[in-house]
Amino acid sequence: MPKNNSYYGINLEQEDDYSAISTDLELWTDHIPFKPGDKFPSDEMKKRADINKTMNALTSNELAKILESYINDFPDLSPYQSARVQNIVSSLPIFDTLVSTWKSILTPCFKGVKVNGVLRKDLWKQIYPQIEQIIKNMFTCCDRATIVYKTSSRKTKINVYTDRNIVLFRTRDDERVVTITNVTKDKTGQWLECISYLPDGRCVRDKFSYHSKKIGKQIISNEPVEEDRHVIFAKNGSDNNDYGYPELVGSIAPALGVIRAFSVLARNIEQGRDELRVQPRTSIYVDPVTGMAVALNGGTVTYDPQNETEKHDVAIIKPDIDFEGLIRALETMLKQVSIFSHLSGTIIGIEHVSGNASGRQLLADCIPTMLHANGYITRLSEELTDLVVEVAKYSDETIDTENVELIVTTPDTTLINIVYGSADTAEGVAASQSSAPEEE
């Protein structure tokens, strides 16, 4: 009987793993499952690190090398025109705009923290500077590990590590071991150091010699790390894999469409500057040595006014370019970016607000953005709550997550205040009261 590989017209992927726990990750028994001869980084780790670096380049407006095939057009432009277009398009800040807009929406939503009903500015002062970095990580990285520890000077520090430093292992109970890697070099050689955070709260250190992308002899094995350290691991995206995927992935295709449409528009603007002059051969002087042609008298063509049959018409021919169509294509692609990034066109500035638009209509246009923003806030709130608990430990304070209350303002409340002007009108007051979170 033939296999049915179709599902409503979709080719089905073939499942071959029927284990109840993850088998993609290496098993941690008594020691780190690295051994001499292993390749480091693995192909999967390198891919995640490459994604991270590429996304950082895109959000830093360094598009030229990464998106070369979308920016370069050969051979239909002269080298000078092509260089101008490349310089313009290679700095197009579309990815940066998407991430910075989400940061601007989400970061102000977190206002502070209460512990057992008491406002704790001391804890929030240590945590708040990390929020913007964590939000950026959501959109540009596969995952992150936030480490809380105390320095030798007794200061509490928070470090956020990304894909190029993170390796996950699993225990037999399917708990995750988070390992932070570090490659160092000194006069005696190159070394791979691994700090592993075990589910039972222990922290151990392993060290290997390292050369030619291979792990060598183990120098230190399972050494307890006495410093009190804790790790909070978070993966991005919403799939069931152990590692995540950047939230910005969903916006790549429409963003490339915008870059391509913008490149075509810029290229045609350069071509639109070209013009051809049609005039009699007798008004052109050709240098016999260089072959260069020069229009006599600046291109002025004279004729005998008494002999109208000898008039010489001069025409200027310019490229016939459909600029309106090119602009419409760019606007269409920008709208696709708005759809797939879940950012309202009004918020990212591609749709203009007319004087006739009501506040209610503007709020309705922003519903997709608010829905996804609330989802991001829910995810971030759980992570930040754990961070509050761990930071408190370094002040010799034990807190349960149930006693932590993040002070969060939902983005729709902020939007209402913008639209209605701090709720000065009766309609604005009613809208604010219906949308604002209840306060004690």
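The structure is a predicted model, in which local features need pLDDT of at least 70, side-chain atom pairs count only at pLDDT 80 or more, and totals for chains, interfaces and linings use all residues. Residues are numbered from 1 along each chain as its sequence is written, and side-chain values use heavy atoms, with hydrogens and water left out.

The secondary structure of the chain comprises 12 helices and 17 strands; helices (H or I, at least four residues) and strands (E, at least two) are DSSP runs, numbered from the N terminus. Of the 440 residues, 40% count as buried, where buried means under 20% relative accessible area, exposed over 50%, and partly exposed in between (1.4 Å probe, protein chains only). The accessible surface of the chain comes to about 26,300 Å², of which 51% belongs to carbon and sulfur atoms; accessible areas come from the Shrake-Rupley method with a 1.4 Å probe, and for residues only the protein chains shown count as cover. Among contacts (heavy atoms within 4.5 Å) between residues at least 6 apart in sequence, 63% join residues at least 24 apart.

In helix α3 (residues 79-89), the buried residues are Gln81, Ser82, Val85 and Val89. Seen down the axis of α3, these residues fall within an arc of 95°, so they line one face of the helix; the arc is that of the directions from the helix axis to the C-beta atoms. The buried residues of α3 pack against α2 (68-71) and α6, whereas Pro79, Tyr80 and Asn87 are exposed on the other side of α3. Glu270, in helix α6, is buried at 9% relative accessibility and touches Gln81, Arg84 and Val85, not counting residues up to four places away in sequence. The C-alpha atoms of Glu270 and Tyr80 are separated by 9.8 Å, although the two residues are 190 residues apart along the chain.

Helix α7 (residues 323-341) buries Gly325, Leu326, Leu330, Val337, Ser338 and Ser341. The cover of these residues includes α4 (94-106), α6 (252-272) and α8 (345-348). Just after α7, His342 takes a positive phi of about 65°. In helix α10 (residues 367-393), Ser381 is buried, with a relative accessible area of 15%. Ser381 touches Phe110, Leu406 and Val408, not counting residues up to four places away in sequence.

A salt bridge is a side-chain nitrogen of Lys or Arg within 4 Å of a carboxyl oxygen of Asp or Glu, and by this rule the count comes to 15. Arg205 forms a salt bridge with Glu223, the closest N and O atoms being 2.8 Å apart. Arg205 lies in strand β10 (residues 203-211) and Glu223 in strand β11 (residues 214-224), so the pair ties together parts that are 18 residues apart in sequence. Arg205 is buried at 19% relative accessibility, while Glu223 is partly exposed at 33%. In a further salt bridge, the closest N and O atoms of Glu247 and Arg379 are 3.1 Å apart. Glu247 lies in the loop between β12 (229-235) and α6 and Arg379 in helix α10, so this pair ties together parts that are 132 residues apart in sequence. Salt bridges that share partners also join Arg120, Asp122 and Glu397 into one network.
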